[in-house]
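Trainee: I've just been handed this one and could use a guided look. Can we go through it together?

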Amino acid sequence: MSNRKSMLLLLVLALSALILAACGATPQPEPTQPPAKPEPTQVPAQPEPTEAPAEPAKVEPAKEIVLFNWSEYIDPEIYTQFEEATGIKVLEDNFSSNEELLAKLQGGATGYALIVPSDYTVSIMMEEGLLAKLDHDNIPNLKNLKEEFKSVPYDPGNVYCVPYQWGTTGIGYESSQVDEPASWAVIFEAKPDDPWYGRMTMLDDARESFAAALVYLGYDINTTDEAQLQEAKDLLIKAKPGLAGYDSDTFEDLVASGENLLAHGWNGDFLVAQEDNENVAYVVPQEGGVVWVDNICVPSSATPEEKLAGEMFINYLLEAEVGAQLSEYNWYASPNAAAEEFLDEEFLSDPAVYPPPEVLEKLQYIEPAGEAESLYQRLWDEVKSS
Amino acid sequence: MEQVLRRNPALRGWLLVLPAAVFLIIFFMIPLLIVFVYSFLERGTYGGVIWQFTLENLARTFDPLYFSTFLRSVYIAILTTLISLLLGYPLAYFITTRPAHQRNLYVLALMIPFWTNFLIRTYAWLTLLRTHTGLINVSLTSLGIIEKPLPLFGNDFAIVLGLVYGWLPVMVLPIYAALERLDKSLIEAAQDLYASGAQVFRRVIWPLSLPGVVAGSMLVFIPSLGAFVTPAILGGGKSLMIGNIISNQFLAAHDWPFGSALSMLMMIVMLLATLIYFRWALREGVQP
């Protein structure tokens, strides 16, 4: 056997492995299709009496659109109902952070008719020209929005986006094993003999985790001051040995299953997890936390047909009953005033869903970091690599 | 047309290679070129690149923060390769000693895990390894064998375990192929010349199986170094490898040029490691 020849063969093999390695498997779920079950509820659209701009050509809505959304954020039944009502099929694809959503759109991803970015990401996407202006004629149900959501600071007048759901970021905990955490200190000052030491997670999200550290230190969560950010970074590194990991996708399930006792996360996720374990509870610590609004928008890469179908879907979500259905599924507060009529009193008065005024005033929006973006990410790399 | 082809064997060869060549140029060379070019450009604030030449990204790859993660990844990849070799070699040898019809069954058994998606298999490990609800720790603590759960998850141990599990079959297969081709009369000849068992292995079997060992090692080392699913899941997002840092540059930090530069560094190191290893193996293999 010629050794040189076989070596050459092996080199080729190894190189193909190199290609394989470079391709790598991205954990990306396939677009899922909801099971069929008819339950049509469609209120006929009322055209607003505005002077309609001369439309160049009649656009037919796309037969099939893809919604790019956070995981488990929408009742799959809604797709079935919408398809019954309009004949448009909605498929879903998921992302797990605003940064991931932004990166995919910046990378040229197409085929999405609808996306669900949070407030600060809407600002960035507007600036980067990634969003299409909504045609309000196609969304008459905009009138159902609460007044404060018609004039959100990042997009006054809902020019590009319609608020989808809103919520807060705080701490979820296992109430039978841990007392209600009064302060972010439970995470940042955890001692090895605390029962939750090594049994808690923080969000795998630079801005959210820095916000938690900054609010605990008494700084503005949108600070761009390097010294304050360094201090927050040191705090995050100090807390790391007490963490089981950084997790933005399954943090609530891990508390419900008893694997972890505490988690930094989003309120609705914990409330949904109560179905598996009634002892899961949620609190915004006394120092405050993050408040956010997720929005449904049409990316500028959508075709006119996709955009029209997308706007029809937005309009459908804004219906009173559908809005209520959405909140009942994901346990997040609805920006839809008309939906409240269909929601339980218990839900509407739950302080974990609708924070009382004294909590609300301690909550802050995350704003785009602009030039400080790379500083945030560099410091986050330091935390994660430490 | 047919006549032209008949008269030009060289042309025939080129035509045969054309489809694969076009495929590789479009889907391999061009993306690689983009990565190369991007690594010399400046970042856009929220992703994308600004067409301005800079060497800063390449300089930053030697920043201790990233370089230490890189070295740690090399360490994890080497460890994974060594463990796979230690486990895989005896297994491959065992298979070659079975009767011919059984061998194929064993090889098939090795391939079966590949029928299930790697991501799902990695998640399955979570069920076993979780610190407080994982099967292993729950069993051991409820049997009273251990008091405190073992740290099986969210650390380098879990990552190396996941990688060895994932890549062991690609270590075994080439070694098996090399051992199976080995001329048994050479072993008999060595024994006739009073070589001890250890000597037969060291002087005959090992050198002749070396091509398989080299191929298997490369097939394990390269994907382990670039791994990113395994550390992301079994490392709990706490223990990072260079693959995670690179994916973060694209998916979280909006820094495409730096992600590209890190990828280039990784590819260069892989290429160098491959070349050095082959040279060494070639020298070893040629000597009796």
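Mentor: Happy to. Axes here are lines fitted to C-alpha atoms, for helices over the stretch in contact, with angles running from 0 to 180 degrees between N-to-C directions. Helices (H or I, at least four residues) and strands (E, at least two) are DSSP runs, numbered from the N terminus. This is a predicted model, where local features need pLDDT of at least 70 and side-chain atom pairs count only at pLDDT 80 or more, while totals for chains, interfaces and linings use all residues. Residues are numbered from 1 along each chain as its sequence is written, and chains are lettered from A and ligands numbered from 1 in the order in which they are written.

Trainee: Chain A, then. How many helices and strands does chain A have?
Mentor: Chain A has 15 helices and ten strands. Of its 386 residues, 49% are buried (20 or more other C-beta atoms, placed from the backbone, within 10 Å of its own; exposed is 12 or fewer, and partly exposed is in between).

Trainee: And what share of its contacts join residues at least 24 apart?
Mentor: Counting contacts in chain A between residues at least 6 apart in sequence, 76% join residues at least 24 apart. A contact means that two C-beta atoms, placed from the backbone, lie within 7 Å.

Trainee: Show me a helix pair there. At what angle do α8(A) and α15(A) pack?
Mentor: Helix α8 (residues 226-239) and helix α15 (residues 373-385) of chain A pack at about 25 degrees, and their axes are 9 Å apart. That makes α8(A) roughly parallel to α15(A); the classes are under 35 degrees for roughly parallel, over 145 for roughly antiparallel, 65 to 115 for roughly perpendicular and the rest oblique.

Trainee: Which residues in α8(A) meet α15(A)?
Mentor: E226(A), L229(A), K233(A), L236(A) and I237(A) do, and on the α15(A) side they meet L375(A), L379(A), E382(A) and V383(A). The residues of this contact of α8(A) with α15(A) are six nonpolar, no polar and three charged. Nonpolar covers Ala, Val, Leu, Ile, Met, Phe, Trp, Tyr, Cys and Pro; charged covers Asp, Glu, Lys and Arg; the others, Gly among them, are polar.

Trainee: Now a strand. Where is F68(A)?
Mentor: F68(A) sits in strand β1 (residues 64-70) of chain A. It counts as buried because it has 22 C-beta neighbours inside 10 Å. Leaving aside neighbours within four places in sequence, F68(A) is in contact with D93(A), F95(A), L101(A), Y112(A), L114(A) and I115(A).

Trainee: How far is L114(A) from F68(A) along the chain?
Mentor: They are 46 residues apart along the chain, yet their C-alpha atoms are separated by 6.1 Å.

Trainee: Is N98(A) buried or exposed?
Mentor: Buried, since 25 other C-beta atoms lie within 10 Å of N98(A). It belongs to helix α3 (residues 98-106) of chain A, and it touches P117(A), S118(A) and T121(A), not counting residues up to four places away.

Trainee: What about phi of W331(A)?
Mentor: Phi of W331(A) is near 60 degrees, a positive value in a residue other than glycine. W331(A) is in the loop between α12 (320-330) and α13 (345-348) of chain A and is buried, with 24 other C-beta atoms within 10 Å. Over in chain B, Y194(B) has a positive phi too, near 65 degrees. Y194(B) is in the loop between α9 (184-192) and α10 (197-225), and it is exposed, with 7 other C-beta atoms within 10 Å.

Trainee: Staying in chain B, how do α4(B) and α8(B) cross?
Mentor: The axes of α4 (residues 64-97) and α8 (residues 156-181) of chain B come within 6 Å and cross at roughly 40 degrees, so the two helices are oblique to each other. Residues of the contact of α4(B) with α8(B) divide into 21 nonpolar, four polar and two charged.

Trainee: And at what angle does α8(B) pack with α10(B)?
Mentor: About 160 degrees, with axes 7 Å apart, so α8(B) and α10(B) are roughly antiparallel. Among the residues making the contact are W167(B) and M171(B) of α8(B) and L219(B) and V220(B) of α10(B). That contact of α8(B) with α10(B) has 15 nonpolar residues, four polar and no charged.

Trainee: Last one: how many buried residues does α5(B) have?
Mentor: Zero among its twelve residues, so α5(B) is hardly covered.
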